[in-house]
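Visitor: I'd like to learn how to read a fold like this one. Could you walk me through a few features?

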Amino acid sequence: MMFSNSTRQRNDSVTTYSPGSDAQSSSVYARKLSRILAPATSLAVASTLIFSPAANASPNADAMPDLEWTDCPIAALTDPGTLCAELEVPRDYSDPAGEQITVTVSRVPASSGQSQGSIAGNPGGPGGDALGMFAEGGISMPEEISQNFDLIAVQPRGLRWSTPLDCDLAGIPMSGLIAATVGGLYASCETTSPGYARTVTTENTARDLEEVRKALGEDTIGLYGTSYGSDLMSTYATLFGDKVDGMVLDSSIDADTRYFDLGTSRESWRRDGMNAMFQWMADRDDQYHLGTTPLQVYTKWSQMVNDEAGAPGQAYPPPAEVGDLPETIANNADALLPVANEILPVAWRGSSFVSSLMGSSAQTSPTFAKAMEGLYTETAWPDLASAIASGETPVQKIPEELTDQDLMDQMVSIATLERAIICNDNIVAPDPSLIGQSYAESFTGGDIFELNSLGLKSGQLCLGWPAQQSAIDHSPASLDRQPLVLHYTGDTAVTGTPAGEATRDRMNGEFLLLDGYSHVVLLDGHHPDDSDVQEAVVRQYMG
């Protein structure tokens with residue numbers, strides 16, 4: 001869903017990359033900035049993709065005369081053959097003839113050369129760059145769909161390549177970054193772009209998509225959204241259901257949690273997902289030699305994080321099991337394990353607290369970032385296990401096309417837009433009594449999952465940002481086709497199975513549930529060849 005950095009995890013944390021010696025100063029800046037402005041929901045982590053370019057079909061240059069198609073921005077990492085166009089849309093839809101803003105649209109043409117229509121996608125976030133979401137390494141549509149449909153992506157308002165929400169984050173002194181969470185960010189937005197921040201809502205982004213549909217000359221359009229993108233596409237379907245020709249909601253958020261309940265609802269799921277990852281490695285001790293229990297694997301992982309960052313892994317350890325006790329006392333496991341499991345979290349918290357006081361943070365560790373990536377894709381588990389086993393720091397591969405400035409721009413753009421959407425759309429009452437605890441945990445090395453929960457539930461993230469509660473209550477009333485809801489049982493980004501069930505019920509959808517802890521079913525490398533998935537997606541768009 002949302003605040004994880006976009007559908008692919010290769011840029012899960014800008015804090016870990018090292019593109020070259022001349023990038024050192026901005027890389028350090030990124031690490032510091034991320035501690036205050038890191039995506040709060042971590043959907044963006046799951047949804048902000050860095051895609052690798054690959055060959056694709058040539059576009060039909062004669063199509064869509066209302067849009068002028070040209071090359072896409074290099075840093076968008078679209079596949080060759082993908083073209084982009086700009087479109088002016090109303091900044092404020094209550095005044096459609098007033099000031100206009102620009103949105104950028106990417107188009108991957110139907111590979112057959114004979115398009116049957118368009119399918120518009122959004123990769124999530126909020127804050128995920130959309131233009132390259134259908135590139136190789138991103139969303140993998142069934143071949144029958146990519147052959148017969150143009151795949152469209154609209155860069156959301158507020159992001160780079162559309163009219164950006166410029167809040168001049170770089171102008172906030174490092175010593176005053178705390179102001180960004182208590183109104184300084186909104187004030188900065190108002191200084192640079194008066195009135196624009198309040199228009200950056202999911203409803204307006206959906207209305208922008210409707211303007212794109214009109215410009216494409218399409219009577220109807222297919223929809224595909226992942227994570228937060230499911231909120232966006234459900235909002236479009238609620239507003240313009242008679243214009244929807246098929247819709248797939250992949251790894252949906254529960255709309256009732258938008259957004260201050262999101263962290264709390266998924267906290268236990270994220271902890272369970274991490275423990276499942278360590279259990280997977282423990283089950284393969286003959287291969288990785290990391291231990292036979294999740295706690296043994298965790299201990300080696302946390303030590304490696306500490307070696308890199310000067311702080312232990314920023315997550316409470318998994319519970320001890322009989323296998324964690326010395327053989328001499330294992331017979332007394334029933335009495336000793338409860339004691340051990342009371343002591344372990346306290347011992348970890350003390351170590352994390354001391355490290356934080358010394359200025360160290362686990363979030364600067366590439367091995368920690370790789371574990372966070374593992375919460376969104378099981379494909380990261382073998383790489384992380386191999387890295388821990390070898391003691392070699394995981395390498396964050398950055399495409400050659402991206403510069404250090406590109407990565408900095410992406411991080412700032414994500415952080416700003418995510419804040420705007422969450423604060424403008426939120427429909428859940430905050431609990432201000434948690435603000436003190438949230439700050440205390442944040443600056444003393446608290447558990448990363450608890451921090452996420454406190455940051456959202458307390459309302460701390462949006463202090464000083466005028467509440468609008470602009471989120472639309474989703475409804476399938478005007479749809480003429482039952483949407484398809486794809487979901488993983490253990491999806492830690494969006495509260496596992498219950499989030500998928502909530503979307504199914506709210507949108508009256510066909511529900512296809514797959515076992516696993518990954519996020520985004522159609523992400524390349526997940527389940528693109530699953531016959532049930534393939535057939536359901538084709539049936540959704542082709543009838």
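## Reading the sheet, the helices and the backbone

Guide: Happy to. Keep in mind that this is a predicted model.

Visitor: What is the peptide bond from Gly125 to Pro126 like, cis or trans?

Guide: That bond is cis, and its omega is near -5°. There is also a cis bond from Arg258 to Tyr259, with omega near -15°. Tyr259 lies in the loop between strand S7 (244-252) and H7.

Visitor: Now the sheet. How do I read the strand order?

Guide: Strands of a sheet pair through backbone hydrogen bonds, in either a parallel or an antiparallel way. Here, 9 strands form an open sheet in the order S1-S2-S3-S5-S4-S6-S7-S8-S9, and the pairing is mixed. Strand S1 (70-71) and S9 each have a single partner strand, so one side of each has no neighbour in the sheet.

Visitor: How many bridges join S8 to S9?

Guide: There are 5 bridges between strand S8 (residues 484-488) and S9, and the two run parallel. To find your place, look at Tyr488, which stands opposite Leu514 in S9.

Visitor: Which strands does helix H5 touch?

Guide: Helix H5 (residues 202-216) packs on the sheet and touches strand S2 (83-90), strand S3 (100-108), S4, strand S5 (150-154) and S6. The direction of H5 makes about 120° with that of S2. Helix H16 (residues 496-507), in turn, lies across S7, S8 and S9, and runs at about 170° to S8.

Visitor: And two helices against each other?

Guide: You describe two packed helices by the angle between their axes and the distance between those axes. Take helix H7 (residues 262-282) and helix H15 (residues 448-457): they pack at about 170°, with axes 8 Å apart. H7 and H15 are therefore roughly antiparallel to each other, since an angle over 145 degrees counts that way.

Visitor: Which residues of H7 and H15 meet?

Guide: On the H7 side they include Arg266, Glu267, Arg270 and Met274, and on the H15 side Phe449, Glu450 and Leu456 are among them. The residues of this contact split into 4 nonpolar, 4 polar and 6 charged.

Visitor: Is Ser227 buried or exposed?

Guide: Ser227 is buried, at 0% relative accessible area. Val520 also counts as buried, at 0% relative accessibility.

Definitions and conventions. Residues numbered from 1 in each chain as written. Predicted model: local features only at pLDDT ≥ 70, side-chain atom pairs only at ≥ 80, totals over all residues. Heavy atoms only, no water. Axes fitted to C-alpha atoms, helices over the stretch in contact; angles between N-to-C directions. Helix = DSSP H or I, 4+ residues; strand = E, 2+ residues; numbered from the N terminus. Parallel < 35°, antiparallel > 145°, perpendicular 65-115°, else oblique. Contact = heavy atoms within 4.5 Å. Nonpolar A, V, L, I, M, F, W, Y, C, P; charged D, E, K, R; others polar. Buried < 20%, exposed > 50% of the residue type's maximum accessible area, 1.4 Å probe, protein only. Pairing = 2+ DSSP bridges.
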